[in-house]
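Please walk me through this protein chain.

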Amino acid sequence: MGEQEADQVTSEETQAEQTPVQPEDGAAQSAEAAAAPAETPSAEATPEPEPAPKKTRARKQSTAKKTRTVELTLTVTGTAEGEWQADLMHAGKRVVQGLPVPAAAVSKAAAELHQDISEAIEEVITAAREQHEAKLAELEAEVERVRKALSELES
């Protein structure tokens with residue numbers, strides 16, 4: 001039985017080694033607490049120069065956020081006959097569809113935008129004008145034929 005008692009003492013010693021001894025007066029806790037604040041000021045001293053660049057970055061970002069763009073899409077379409085219409089979309093929603101627009105207004109707006117745009121639109125308007133002049137000449141010739149036929153019937 002002496003061996004069992006020796007084993008029991010050894011197991012008690014092993015438990016004592018594994019369990020940390022805590023003094024009743026809390027001296028170990030105050031030593032740890034004193035060590036923790038000593039680390040904090042040294043950690044705070046290093047990042048103090050860093051907040052200044054962060055503030056300037058934030059300022060740059062906030063100005064970019066203040067800039068707001070509005071997306072409007074104006075589509076002007078014309079036919080060879082010279083009929084023009086406009087469609088307007090705002091943020092993906094159709095605001096105006098198929099609004100008739102006079103050719104003179106389209107020409108004037110194009111001239112205000114850019115010379116290249118104006119030249120391209122003027123070509124289309126000129127072609128439509130020539131087509132209408134040709135149709136007018138054809139109709140005038142037909143009207144003249146109808147008048148001759150009417151005058152022959154009256155005589």
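The model is predicted: local features need pLDDT of at least 70, side-chain atom pairs count only at pLDDT 80 or more, and totals for chains, interfaces and linings use all residues. Residues are numbered from 1 along each chain as its sequence is written, and side-chain values use heavy atoms, leaving out hydrogens and water.

Me: In what order do the elements of the chain run?
Reply: Helices (H or I, at least four residues) and strands (E, at least two) are DSSP runs, numbered from the N terminus. The chain has five helices and three strands. From the N terminus on, the order is α-α-α-β-β-β-α-α.

Me: What percentage of the residues of the chain count as buried?
Reply: Buried means under 20% relative accessible area, exposed over 50%, and partly exposed in between, with a 1.4 Å probe and protein chains only. The chain has 155 residues. The buried share is 6%.

Me: How far apart are the end C-alpha atoms of α5?
Reply: The expected span of a helix is 1.5 Å times one less than its number of residues. Helix α5 has 40 residues, so the span should be 58 Å. The distance in the model agrees with that: 57 Å.

Me: Which residues of helix α4 are buried, and within what arc do they fall?
Reply: Helix α4 covers residues 103–113, and its buried residues are Val-106, Ser-107 and Ala-110. They line one face of the helix, because seen down the axis they fall within an arc of 100°. The arc is that of the directions from the helix axis to the C-beta atoms. So the names are Val-106, Ser-107 and Ala-110, and the arc is 100°.

Me: Which residues are exposed on the other side of α4?
Reply: One side of α4 holds the buried residues, and their cover includes β1 (72–78), β2 (84–90), β3 (93–101) and α5 (115–154). The other side has exposed residues: Ala-104, Lys-108, Ala-111 and Glu-112.

Me: Which residues does Ile-121 touch, not counting residues up to four places away in sequence?
Reply: Contact means heavy atoms within 4.5 Å. Ile-121 is one of the buried residues of α5. Leaving out residues up to four places away in sequence, its contacts are Trp-84, Val-106 and Ala-110.

Me: Is Ser-118 buried or exposed?
Reply: Ser-118 lies in helix α5. Not counting residues up to four places away in sequence, Ser-118 touches Ala-110 and Ala-111. Its relative accessible area is 16%, so Ser-118 is buried.

Me: How far is the backbone nitrogen of Gly-98 from a polar atom of the side chain of Asp-87?
Reply: Asp-87 sits in strand β2. At 17% relative accessibility, Asp-87 counts as buried. Its contacts include Thr-73, Arg-94 and Gly-98. The distance from the Gly-98 nitrogen to the side-chain atom is 2.6 Å.

Me: What is phi of Ala-91 near?
Reply: Most residues other than glycine have a negative phi. Ala-91 is in the loop between β2 and β3. This residue is exposed, with a relative accessible area of 58%. Its phi is positive, near 55°.

Conventions
Polar contact = N/O pair within 3.5 Å; in protein donor to acceptor, adjacent residues only side chain to side chain.
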